Amino acid sequence: MTDQTRSGFVTFVGRPNVGKSTLTNALVGEKIAITSEKPQTTRRAIRGIVNRPAGQLVIVDTPGIHKPRTLLGERLNDLVDQVLGDVDVIGFCVPATEKVGPGDRRIAASLDGYPRAKKVAIVTKTDAAGRDEITERLLEVDALREDWAAVVPLSALTRDQLEVLADELLTLMPKGPALYAEGITTDESDEDRIAEMIREAALEGVRDELPHSIAVIIDEVSVREDNSNLTDVHAQIVVERDSQKAIIIGHKGKRLRDVGARARVGIEELLGTRVFLGLHVKVAKEWQRDPKQLGKLGF
C-alpha cells in the first residue's frame, strides 16, 4: 500500500438479524463473527480487516440496536453508541425481504447523532428477493435520509455487489497507511473466537428466551504435552436457570454432545490441530441483570 491508499473504520447498523455479521464475514473472506437467526447474536465489537489494493477497511461488527430489557441489553446499546462515535463510515442495513418499518426509521434518524461519520445505505439479502421487491426497498431506504453517500443493494451469500460496496467504502475513507499488517483478518484472540464458536453451536435449535441467556467462559486452551497435534479446550456454557441447563444438556447429554461436535469443527480449523473439547453447563442466576456477573462474563 502506498501513501495514496485509504484506510479507516466502518460499522454496519440496523435492526437485529438484518445480516450485519454475515456481511462482515463475506467482506473479510473468513468467518470472524458468529451468525444465527436469533436476534442480538453479536455481543462484542469484533474487528474484521479487509485488505484491497486501494487500501484497508477495518469493519467493527457490533450488536444490533434494540430496545433493551436487561442490563446486558443496555450495555450492548452503549457499546454500539461508542463505536458509532469513532468510525469513519456507518453502513445502515435493511433486508430486501422486509418493508422499512418504525425500527428502521428510528435507527436511520438516530444517525444524526454521529455527524463525523459518512453514511451509506445497504439493502441486504437481495438473493432472497425479487427485482420489484428490491426496487421498492431501495426507494424506501433512499427516502430515509438526504445525506446517503451511496445506496448499495447486495447479497453477502452470493457475493453479488460485494466488491461494489467495498470500493464505495474505501473511497469514503481518509487517506493513510494500513492500520493492521497484511495477513491479519481480525484482532480477536483465539480464546474469544473459540468461545463464540461454542455459543453459536449452542444457539442452534433453541428458542424463546434461552438464546439471550447463553454465555460461554473458556477455562483452558492448551496443547497436549504428549501430543502436539492435540489441543485440550475446556469451557463452561453459562445459563440463567436450572430448566435452561436441562435443555442445553438434553436427554442423556445428547444435545450437549451435539453442541460439542458442531463447535469442534470450527475450533479445529482455527487452531490447526485436533481438539478435545470438554463442555460443562453452569447456572448463574439472572446474569443478564447482575452487574457483578456481567463483569465476570466480560460485559
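Helices and strands are DSSP runs, numbered from the N terminus, a helix having at least four residues and a strand at least two. The views below show parts of a predicted model.

View 1. The largest share, six residues, belongs to H9. In total, 18 residues line the second largest pocket, and its volume is about 400 Å³. Nearest the centre of the pocket lie Lys31, Met197, Glu200, Gly266 and Glu269. Sorted by class, the lining has nine nonpolar, one polar and eight charged residues.

**View 2. An open sheet is built from three strands, E7, E8 and E9.** The strands follow the order E7-E8-E9, and their pairing is mixed.

**View 3. E7 and E8 are joined in the antiparallel sense.** Strands of a sheet pair through backbone hydrogen bonds, in either a parallel or an antiparallel way. Here, E7 pairs with strand E8 (residues 230-239) in the antiparallel sense, and the pairing extends over eight bridges. For Val223, the bridge partner in E8 is Thr231.

**View 4. Helices H6 and H9 lie across the strands of the sheet.** H6 lies across E7, E8 and E9 and runs at about 130 degrees to E7. H9 also lies across E7, E8 and E9, with an angle of about 135 degrees to E9.

**View 5. Helix H8 is in contact with H9.** Two packed helices are described by the angle and the distance between their axes. The axes of helix H8 (residues 242-249) and H9 come within 5 Å and cross at roughly 65 degrees. On the H8 side the contact is made by Ile247, Ile248 and Ile249, and on the H9 side by Lys254, Arg255 and Leu256. By class, this contact has four nonpolar, no polar and two charged residues.

**View 6. Thr24 is a buried residue of helix H1.** Helix H1 spans residues 20-28 and includes Thr24. Thr24 counts as buried because its relative accessibility is 0%. Leaving aside neighbours within four places in sequence, Thr24 is in contact with Phe12, Ile32, Ile59 and Asp61.

Methods
Residues are numbered from 1 along each chain as its sequence is written. This is a predicted model: local features need pLDDT of at least 70, side-chain atom pairs count only at pLDDT 80 or more; totals for chains, interfaces and linings use all residues. Side-chain values use heavy atoms; hydrogens and water are left out. On a 1 Å grid over the protein atoms alone, a cavity is a set of points where a 1.4 Å probe fits but cannot get out, and a pocket is an open set with protein on both sides within 12 Å along at least five of seven lines; lining residues have an atom within 4 Å of a point. Grid points are joined across faces, edges and corners, and a volume is the space filled by probe spheres set on the points. Ala, Val, Leu, Ile, Met, Phe, Trp, Tyr, Cys and Pro count as nonpolar, Asp, Glu, Lys and Arg as charged, and the others, Gly among them, as polar. Axes are lines fitted to C-alpha atoms, for helices over the stretch in contact, and angles run from 0 to 180 degrees between N-to-C directions. Contact means heavy atoms within 4.5 Å. Buried means under 20% relative accessible area, exposed over 50%, partly exposed in between (1.4 Å probe, protein chains only). Two strands pair if DSSP finds at least two bridges between them.
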